Structures are given as C-alpha cells and as structure tokens.
Amino acid sequence: MTAALSLGTYRVRAVSQAARTALAAGSPWVDTAPNYAHGRAHEELRPLLREYPTVRVATKAGFFTEEQGRTALADGVLTREEAAGRHSLERGFVRWQTERSLATLGRVDLVFVHNPEHDGQGLDRTVLHGRVREAFTALEEFARTGRIGGYGVATWSGLTSGAFSVPELLTLARQAAGSAEHHFTGLQMPVSLIMDAPITQALNGGGPLVQAKDAGLITFGSAPLHGGALLDAMTPELVNLIRPGLSAAAAALLAAGSCPGLDVVLTSASTREHWDDAAKALAAPLTAQELRRVTDELAGE
C-alpha cells in the first residue's frame, strides 16, 4: 500500500488556505507545530478543525518562538537562558506547551517530541536520552488521561546521526510509563529521493521505518520534496523512470510515498490542482522492484 497523502504545515505561508484545500480533498492527517508560521499555525488551524471533526491532528513539543519563550519565562516555566535557546525538552515546559496546544487546537491525536537531537548537541547520549525520557513522562500523563491519543518523535537527523534508535526510543517510553503499556505511537522522519536511506533500508527489510512498523507505530515521512530542493534534481529522465507523464513534484511524492513501512507522507501542497496531482499518482504506488530501480539509478549517478 502507498502512504496516505496528508498535510504538513512546515514552511506553509498561508496555513488556513492550505488546510482548507487539504481537508476538502480528504487529508486524513494535519501535521503542525507551535512554532510553525511564526507561531500562528495553531490559531489558523483551529476553525478548520472544527469544520472537519474526523481529521487527525499531530503537533509537536520542543521548539518555540521568541514570543512563546517570553510567555514561558513570565509563567516561570523556563529560565532566561532556556528561553533564549528556543527549544526545550524539560518536563514542565513540555507539559506547559502541550496544554497550550490543546487549548488552541481544541484536540490533539499525537504529540511529537520535536527534533530531540537538537537539544542534545554536544551532549553525552545518556544525557540526551534522559531528556527525551523526561519529555515522554510529561506526554504519558496526557495520554494516560485521554487528553491526547499518544506521542512520538519527529526527527530530522537523530536516527541517522546515531543520537538514538527506534529500539532505544521504545525503551525510553517503557521507562517513562513505568511499564510496557506506554503511549509511544508515532515516528516522523525525512523520506525523499535526497534523504533516501530509509527507502533503501526498508526495501532491504530493515531500518527505522521497518522497526517502527514492527512495533506498531504510525510512521510519517516528512520533506518528500526536501523543501523544494528535490524538484531541481527531477530530470525528465528520472521522472520518466518513476512513472511517465507525471509532474516532477508528483513523481517525487510517489517515490517517497511508495516506501515500504510508511503510513503517511506529508506535503505542503496549497492548491487543489497540486494536491490532486499528487493524490492521483499515489493512488497507484510503485512496486518494490520499481522503487528499487529508482534508488539504484540514483546510487549509480
């Protein structure tokens, strides 16, 4: 099966417009964060979420805007030094930020700990893992009482840099919950033809996406167009190899969305034309053999 095309709001300028387009087209998920759209993403999404009560909502905890940092400082949640860092995994801050997300969005199905490797730059792995466990502990409290559906990790480089692994994250979740009955339910990481290690690993039956699926997690692929940079690399020959007749964007999304073990692929398509173009391509995923042919071609360049 192909991954479900869903809206990601990172770098989206007009969040309301993009969300209206995506939800009208049937997007099953909306992925956002408190710091997106200069801190306005949650406010822009709330009225749309009321109109579409069945769409599932994922947000994050960790990064915050300068203004949000000042509020956290005034509320006594962060020190001045922590507020200046614009990222925190402190248990009290994660609790405070998640409360604000719930109040603004109205409901949250999944809270991702946002790029925890950012908090661990220059730190011993044991210290970083302790901070991740603290964040998990705060989110377990919300999940245990039914205020959120679950939590997870959204990472850019943590799984490729060796900061942590899927088995280690699951261990931290068990420790945070105090038992095997934890609420760690989601993993988000980049999946694209530029950052294609997850694709090649999954095609070979391993890697973080396969580990996550084996553990029953929902898997999300972010940045399938690598922030738009991939489009310059989508030559007519590469598009034709993926599937003749597609646009460059649709071909890139199809390759990412066909990755084994991937449940959701996030796109920031803001027009219905671009959304439908991608959705039509994803309706017929590449076979493993077809996808391997693409990754092999790229590896040989």
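In which sense do β7 and β8 pair, and over how many bridges? They pair in the parallel sense, over 2 bridges. Two strands count as paired if DSSP finds at least two bridges between them. Helices (H or I, at least four residues) and strands (E, at least two) are DSSP runs, numbered from the N terminus.

Before going on, a word on the model. It is predicted, so local features need pLDDT of at least 70 and side-chain atom pairs count only at pLDDT 80 or more, while totals for chains, interfaces and linings use all residues. Residues are numbered from 1 along each chain as its sequence is written, and side-chain values use heavy atoms, with hydrogens and water left out.

Back to β7. On the β8 side, Phe220 stands opposite Val264. β7 also runs parallel to β6, and 5 bridges join those two strands. Here Leu187 stands opposite Thr219 of β7. Buried means under 20% relative accessible area, exposed over 50%, and partly exposed in between (1.4 Å probe, protein chains only).

Now zoom out. The protein has 15 helices and 8 strands, and its C-alpha trace spans about 55 × 40 × 35 Å along the principal axes. A compact globule of 301 residues would have a radius of gyration near 19 Å, and the protein's value of 19 Å agrees with that. That radius is taken over C-alpha atoms, and the globule rule is 2.2 Å times the number of residues to the power 0.38. Buried residues make up 50% of the 301. Of the contacts (heavy atoms within 4.5 Å) with a separation of 6 or more, 76% are between residues 24 or more positions apart.

Ala19 is buried, with a relative accessible area of 0%. Leaving aside neighbours within four places in sequence, Ala19 is in contact with Leu7, Leu45 and Leu48. Ser6 lies 13 residues from Ala19 in sequence, and their C-alpha atoms are 9.9 Å apart.

A pocket is found on a 1 Å grid over the protein atoms alone, using a 1.4 Å probe: it is an open set of points with protein on both sides within 12 Å along at least five of seven lines, and lining residues have an atom within 4 Å of a point. Grid points are joined across faces, edges and corners, and a volume is the space filled by probe spheres set on the points.

The largest pocket holds about 1000 Å³. It is lined by 41 residues, and those nearest its centre are Tyr10, Arg11, Ala223, Gly227 and Ser268. Two or more lining residues come from each of β6 (184-190), α13 (248-257), β8 (264-267) and α14 (272-282), with α14 giving the largest share, 4 residues. By class, this lining has 18 nonpolar, 17 polar and 6 charged residues. Ala, Val, Leu, Ile, Met, Phe, Trp, Tyr, Cys and Pro count as nonpolar, Asp, Glu, Lys and Arg as charged, and the others, Gly among them, as polar.

The second largest pocket has a volume of about 250 Å³. Its lining has 15 residues, with Pro34, Gly39, Glu43, Gln68 and Arg100 closest to the centre. Helices α2 (41-51), α3 (66-74) and α5 (91-105) each give two or more residues, and the largest share, 5 residues, comes from α5. This lining divides into 2 nonpolar, 9 polar and 4 charged residues.
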